[in-house]
Amino acid sequence: MILKKLQYHEHKDAPHYWEIQDVELGQRNLIVGLNATGKTRLLQAISKLAGFISPVNKFISYSDLSKRPPNLHFLENGYWKVQFYDATEHVIIVYELETVNLVDAVDHSTVKTEKITANGKIILNRSYNKVEIDGMLQNIPFDSLSQLHDPIAEKLIYWAKESLLFHFDHRNQFEKYYQDEQKKENEKAPKMIIIFMELLENNVTKEKLIEDFNYIGYPIDDISIEQLKHQPFFGDTDDIIVVSVKEKGLLGPTAYYRMSQGMFRAFTLIAVIEDLLLRNSECTVVIDDIGEGLDFERSSKLIKLIFNKLKDSNIQFIAATNNRFLINAVDISELNVLEREGHVVKSYNYSNSKERFDHFDFMGLGTFDLFRLQMYKAQE
């Protein structure tokens, strides 16, 4: 099941009101726009929604395994109307949620309305304490979709639970991976170390990772994982594990904490995607600022690599970038171009601007010209 459409607004009738309109998504998506257009806010809207539907989920950074906040604590005054499509059962699910701040609490929200329909049939309709399930009023306390015991609600919970947020940055790059005496892992350590422990057990997978890393512009001969022989951290023990690459032209390996920030980010993302594909995961992956810290050639190749690897997979990929030139790395049907006028963010994509996109495609120009000449929308 993938997220197909999203409408969102927050703080209606307030000076800091924001609205995002007409976002239509496919299996692979690149969100582009100028700074302060609303790209991060769009990804946060998806993150917050997943956090509400399933508080115990994977919508945490692959590089930061800290606990998430309570599911209602950070929703504020917001409204979501989203559409999902389940291709296996040909079901269109529409989910609406509106939350409001409680008068007697700080930074805490309550549900004003919540509604679920499946192919037009109402599954849930609640407003404050009034709950209607399958058309019948229910006099029961209700605060979680898991209480429905309904297959449609379970699909929504599964989507939220399996959703992943990946921060394309170098956070935790200098954290060490270790196990204490009780074999408890350091939760602050980069997730990529744990992933590579499994990936490198398979030689075919290892060679694929080396090939991918060479393709995007980092020439390496080997990837290894081992206990440190010479501890770089004061007071460390022999239980510390590191992942290293052997760069061509260098005599020794480059450990993850000695990589450039861009190299570490790309290395981690490639490992995460490979891990998800090997597990045949069905999930939504959200990435902000993809390509940040990389030069143009490497960031372009990274996006091409990820989009090609995810073709025909069960993974929905939603990435945002400030780098407008990166739109040349994807097909125009995979673009969402955001523009903001005042408090309102509009999305231009192949679904809602098909005639304009098709006309541009017929002209044979480079994809960047679509953005540069604003040919995605009718000229005033």
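A salt bridge here is a side-chain nitrogen of Lys or Arg within 4 Å of a carboxyl oxygen of Asp or Glu. With that in hand, let's look at some close-ups of this predicted model, which holds 16 salt bridges.

**View 1. Glu 98 and Lys 112 meet through their side chains in a salt bridge.** The N to O distance is 3.8 Å, and the pair counts because the cut-off is 4 Å. Glu 98 sits in strand S5 (residues 91-101) and Lys 112 in strand S6 (residues 109-118), so you are looking at a link between distant parts of the chain, 14 residues apart. Both ends are partly exposed: Glu 98 has a relative accessible area of 22%, and Lys 112 has one of 30%.

**View 2. Asp 86 pairs with Lys 155 in a salt bridge.** Their closest N and O atoms are 2.5 Å apart. Because Asp 86 belongs to strand S4 (residues 78-86) and Lys 155 to helix H2 (residues 151-162), this contact ties together parts that are 69 residues apart in sequence. Here both partners are buried, Asp 86 with a relative accessible area of 4% and Lys 155 with 18%.

**View 3. Arg 279 and Asp 275 join side chains in a salt bridge.** The separation, N to O, is 3.0 Å.

**View 4. Lys 208, Asp 212, Glu 274 and Lys 309 form one network.** What connects these four residues is a set of salt bridges that share partners.

Methods. Residues are numbered from 1 along each chain as its sequence is written. This is a predicted model: local features need pLDDT of at least 70, side-chain atom pairs count only at pLDDT 80 or more; totals for chains, interfaces and linings use all residues. Side-chain values use heavy atoms; hydrogens and water are left out. Helices (H or I, at least four residues) and strands (E, at least two) are DSSP runs, numbered from the N terminus. Buried means under 20% relative accessible area, exposed over 50%, partly exposed in between (1.4 Å probe, protein chains only).
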